[in-house]
Amino acid sequence: MQRKKLVVGNWKMNGSKALVQSLVQELLALGPWPSDIAICPPAIYLGQCEQMLAQSDLAWGAQDVSAREGSGAFTGELSANMLKEFGCRYVIVGHSERRSYHGESDQLVAAKALVALAQGLVPIVCVGETRAEREAGQTQAVVERQLGAVIDALGQRISEVVVAYEPVWAIGTGLTASPEEAQAVHAKLRSQLQAASVAAGQVRILYGGSVKAENATELFAQADIDGGLIGGAALKAKDFDAICRA
Ligand code: PEP
């Protein structure tokens, strides 16, 4: 099945009003792109992005969402309907930095994906093994468990998410899984999705972990790599643009 490539920039906790203004302006001048493109700035800048991007084909999304539905006494949380109100198309759930620094469990990540989907957002579900897990030969078991929790929560609707395979040892380290290593994991994730949903062929599985213009073309040429989730390189318009064209 032909899947349109998707490249998503995860800005993490970087930026300022001035940086959003200049980076978004630069990106708008560099587009359009042959793939679907989205940026995920810190949530406080989503309104600014909405104003700047409303008339463009550059989408935007959030880096996290509350697992709670509706509204209520949940200090510091942002609900899926709030993100939707600011025009978000996507929301990243289960990024390894949330799993490790905030103790997010597979079940919490699955609950976030479910609530996001219910509000019309596309969850970008991150999975990936640590270096120790890879060295212990547990890569497949770890990503299967992480994705399995989301499949259990979503059932057939798993076909509506985006999956991002991000080996933790490759995030922000300059180390990248080789195209073959990444493809092997993506192919297994695809089989797991296929066992869960008849529409699994449409799910885009992104690769993330030190993607740069120099390695993107080879990674994105793999059969089951449908684009990338980009951290550091998403903060420089020219670098991000080059990846979006890879
Ligand atoms: C990420 O945080 O999702 C990521 C892939 O970061 P980097 O591209 O900087 O490795």
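Student: How do the residues lining the second largest pocket divide into nonpolar, polar and charged?

Tutor: In this predicted model, local features need pLDDT of at least 70 and side-chain atom pairs 80 or more, whereas totals for chains, interfaces and linings use all residues. Numbering runs from 1 along each chain as its sequence is written, and side-chain values use heavy atoms, without hydrogens or water. A pocket is an open set of 1 Å grid points where a 1.4 Å probe fits, with protein on both sides within 12 Å along at least five of seven lines; lining residues have an atom within 4 Å of a point. Here the lining comprises four nonpolar, five polar and five charged residues.

Student: Where is the centre of this pocket, and which helix gives the most to its lining?

Tutor: The second largest pocket holds about 220 Å³ of space. Among its 14 lining residues, Ser96, Glu97, Ser100, Thr130 and Val168 are closest to the centre. H4 gives the most, with five residues; H4 and helix H7 (139–154) each supply at least two.

Student: What lines the largest pocket?

Tutor: Its volume is about 550 Å³. Of 20 lining residues, Ala43, Gln63, Asp64, Arg98 and His102 are closest to its centre. Helix H4 (residues 96–101) again gives the most, with three residues. By class, nine are nonpolar, six polar and five charged.

Student: How far is a ligand oxygen from the side chain of Lys12?

Tutor: A side-chain N or O atom of Lys12 is 2.5 Å from a ligand oxygen, and a backbone N or O atom of Gly172 is 2.6 Å from one. For Gly232, a polar backbone atom is 2.8 Å from a ligand oxygen.

Note on methods: Polar contact = N/O pair within 3.5 Å; in protein donor to acceptor, adjacent residues only side chain to side chain. Points joined across faces, edges and corners; volume = space filled by probe spheres on them. Helix = DSSP H or I, 4+ residues; strand = E, 2+ residues; numbered from the N terminus. Nonpolar A, V, L, I, M, F, W, Y, C, P; charged D, E, K, R; others polar.
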